[in-house]
Amino acid sequence: MQGLMMHYPLTVPSILDYGYRVFPNKEIISILPDKTRHCYTYTDLYKRSKKLMNALQHRLHVKQGDMIGTYAWNHYQHLELYFAVPGTGAVCHTINIRLSAIQTEFIVNNAEDKAIFVDATLVPFFENLAPLFATVEAYIILNAPKDFTTSLPNAIDYEDFIADAPDDTDWVTVDENDACAMCYTSGTTGLPKGVLYSHRSSWLHAVMMSLPNYADTSAEDRILVGVPQFHVMAWGIPYAAVLCGAVLVLPSSHLHPDPFIEIIINERVNKANGVPTIWQGIYAALKKHEAIDTFLLKEFLVGGAAMPPTLINNFQNEFGIKAVQAWGMTETSPVGTLSRLQPHHASLSDQEKIKIRALQGQEVPCVEIRIVTEDGIIAPRDGKTVGEIQIKGVWVISSYFKTISHENFSADGWFKTGDVGNINEEGYLQITDRTKDLIKSGGEWISSVALEVAIMAHPKVKEASVIAIPDELWTERPLAVIVLKNAGDILSLEELDAFLLPLFAKYQLPEKLSFVHEIPKTSVGKFDKKEMRRLYADGKL
Ligand code: AMP
């Protein structure tokens with residue numbers, strides 16, 4: 001027998017409808033790229049998003065299923081795109097501004113973006129690439145100064161674009177399982193893969209994030225979004241915040257420690273999110289800061305890479321700020337687990353508490369995780385048995401965009417994360433390793449395989465392999481282990497970087513080179529990266 005409740009689709013624009021009806025005067029504050037402070041209300045967000053939806057429909061003829069790209073910092077116009085694009089039934093494709101030209105060209109053409117909204121400060125990168133984009137019909141420029149000019153074809157200022165559009169028409173009716181947004185994640189070979197979120201998955205993820213056990217978002221909060229809006233929809237915080245009536249603070253490009261701290265103080269921020277690299281910098285800057293007493297920040301969400309336990313400890317003991325670690329992926333919307341203490345942990349020592357908070361945490365509702373050993377056995381939750389982490393749930397990918405990838409899923413339909421770890425008796429996940437051949441530096445991916453292929457094309461190189469080495473600030477950096485063709489040759493880091501730069505973003509270039517006579521190999525002749533990591537740890541590379 002079916003229940004007798006109404007069918008009420010969970011759609012992204014309905015999050016904004018709710019925020020507008022219940023919290024019309026709540027604020028959204030943006031510190032724009034030129035440092036101007038912009039502040040408006042949920043009512044303004046609602047009305048301008050409606051105008052944007054209308055302009056998309058009538059000026060660009062956007063229809064259901066179209067892809068609309070964004071190449072932008074964190075601010076109110078980007079937030080308007082988060083609601084207005086799904087409001088037309090189209091897909092908001094947030095493009096990572098840190099990728100190389102080759103990756104960006106691939107992503108835009110693979111997504112078949114119809115139009116791209118670009119921040120004025122980021123336009124120069126796009127001007128060279130535009131002729132390579134096969135489907136882009138128009139560029140809408142965000143935050144353009146008065147005298148701004150560009151060679152981008154069909155470029156229009158954002159404010160002009162929405163100026164004459166009405167603000168009172170209905171959102172397009174969509175199915176809750178339709179796509180609303182897309183982000184690309186790094187593939188091991190270097191070509192990114194698209195992850196397509198649905199209205200329903202984004203809605204339910206936002207509800208989960210607002211629960212006290214998880215991101216604990218409420219109308220009491222003033223939340224600084226330190227994760228770029230092009231990274232997994234800023235971890236879904238903007239949607240959760242609007243659903244809860246929180247004040248959103250959007251810092252554009254001002255993510256360096258000093259401006260970040262200034263924004264926290266000036267805007268009376270009490271919650272924030274960001275990758276460990278950001279918090280590492282903020283911790284160092286806070287130690288020298290005089291106005292720490294005026295700090296209202298009580299906790300922040302940290303993920304994207306492992307947060308060092310000492311940093312969790314230092315934030316807590318020196319500043320009384322709680323670092324709440326979360327684990328997840330672009331493919332999991334992103335939050336899969338989150339680490340908070342339980343009431344029965346109250347009697348533990350401070351050190352034991354930090355140990356628990358440094359774990360990646362317990363699975364969130366609507367999601368299940370398991371560990372599968374190398375022998376294909378589902379591991380007991382004993383905190384010891386290690387294997388690949390697999391996940392399934394409401395906001396977990398079922399297939400990559402335009403890609404058939406059976407290797408990413410188990411026979412019984414779980415997503416294989418490529419992360420390795422264990423789960424303890426209390427259900428806390430601990431990440432111990434990674435099977436995917438990728439390096440994560442400051443929250444951004446580097447494909448070791450793509451680097452190896454490019455380095456081996458250098459005329460002086462016979463063979464090369466790339467591994468991740470630990471780095472205090474960036475978490476990981478790439479080390480290239482190289483066999484030269486001629487023993488007498490000299491290859492400097494500068495020479496190799498110059499050779500690689502046309503193909504890679506600067507942050508993706510090797511940090512160090514290590515020259516060897518032979519690269520360690522496994523019994524089947526593959527590079528033995530475990531052995532290389534061991535040799536590096538022993539100071540032998
Ligand atoms: P992305 O798809 O770029 O969000 O990256 C997801 C990957 O980042 C995961 O598969 C992990 O390898 C890594 N990651 C994310 N959060 C954490 C965390 N809290 N601790 C350790 N690694 C993490």
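Is D437 buried, exposed or partly exposed? D437 is partly exposed, and its relative accessible area is 24%. Hold on to that residue. I'll come back to its partner in a moment.

One caution before we go on. This is a predicted model. Everything I quote is computed from it.

Let's start with the domains. The chain is divided into two: domain 1 covers 25-255, and domain 2 covers 438-537. Their centres, taken over C-alpha atoms, are separated by 35 Å. The two do touch: domain 1 gives 14 residues to the contact, and domain 2 gives 13 residues.

Now the salt bridges. The count for this model is 24.

Pair one is E159 with R48. The closest N and O atoms sit 2.9 Å apart. E159 belongs to helix α6, residues 158-163, and R48 to helix α2, residues 42-59, so this bridge ties together parts that are 111 residues apart in sequence. R48 is buried, at 17%. The cut-off for buried is under 20%, so R48 falls on the buried side. E80 joins R48 and E159 in a network of salt bridges.

Pair two brings back D437. Its partner is K529, and the closest N and O atoms are 2.9 Å apart. K529 sits in helix α16, residues 529-537. D437 sits in the loop between β20 (428-434) and β21 (438-441). That is a link between distant parts of the chain, 92 residues apart. K529 is buried, with a relative accessible area of 12%.

Which residue does K529 meet here? The side chain of E452 meets K529 in a salt bridge, at 2.5 Å from N to O. E452 is in helix α14, residues 448-456, while K529 is in helix α16. Those two residues are 77 apart, and this pair too links distant parts of the chain. E452 is buried, with a relative accessible area of 6%. So what does K529 do in this picture? K529 bridges to D437, and K529 bridges to E452.

Next, the second largest pocket. How big is its volume? About 550 Å³. Its lining has 22 residues. Nearest the centre lie R98, T277, I278, G442 and W474. Which element gives the largest share of the lining? Helix α11, residues 276-287, with 3 residues. By class, the lining holds 10 nonpolar, 9 polar and 3 charged residues.

Here is where the pocket meets the domains. At least three lining residues come from domain 1 (25-255), and at least three from domain 2 (438-537). Keep that beside the direct contact, with its 14 residues from domain 1 and 13 residues from domain 2.

Where does S447 sit? In strand β22, residues 444-447. S447 is buried, with a relative accessible area of 7%. Now take T135. S447 and T135 are 312 residues apart along the chain, and their C-alpha atoms are separated by 27 Å.

To recap. K529 pairs with D437 and with E452. R48, E80 and E159 form a network. And the second largest pocket draws on both domains for its lining. That's my set. Over to the group.

Conventions: Residues numbered from 1 in each chain as written. Predicted model: local features only at pLDDT ≥ 70, side-chain atom pairs only at ≥ 80, totals over all residues. Heavy atoms only, no water. Salt bridge = Lys/Arg side-chain N within 4 Å of Asp/Glu carboxyl O. Helix = DSSP H or I, 4+ residues; strand = E, 2+ residues; numbered from the N terminus. Buried < 20%, exposed > 50% of the residue type's maximum accessible area, 1.4 Å probe, protein only. 1 Å grid on protein atoms, 1.4 Å probe; cavity = no way out; pocket = protein on both sides within 12 Å on 5 of 7 lines; lining within 4 Å. Points joined across faces, edges and corners; volume = space filled by probe spheres on them. Nonpolar A, V, L, I, M, F, W, Y, C, P; charged D, E, K, R; others polar. Domains from an automatic or database assignment. Contact = heavy atoms within 4.5 Å.
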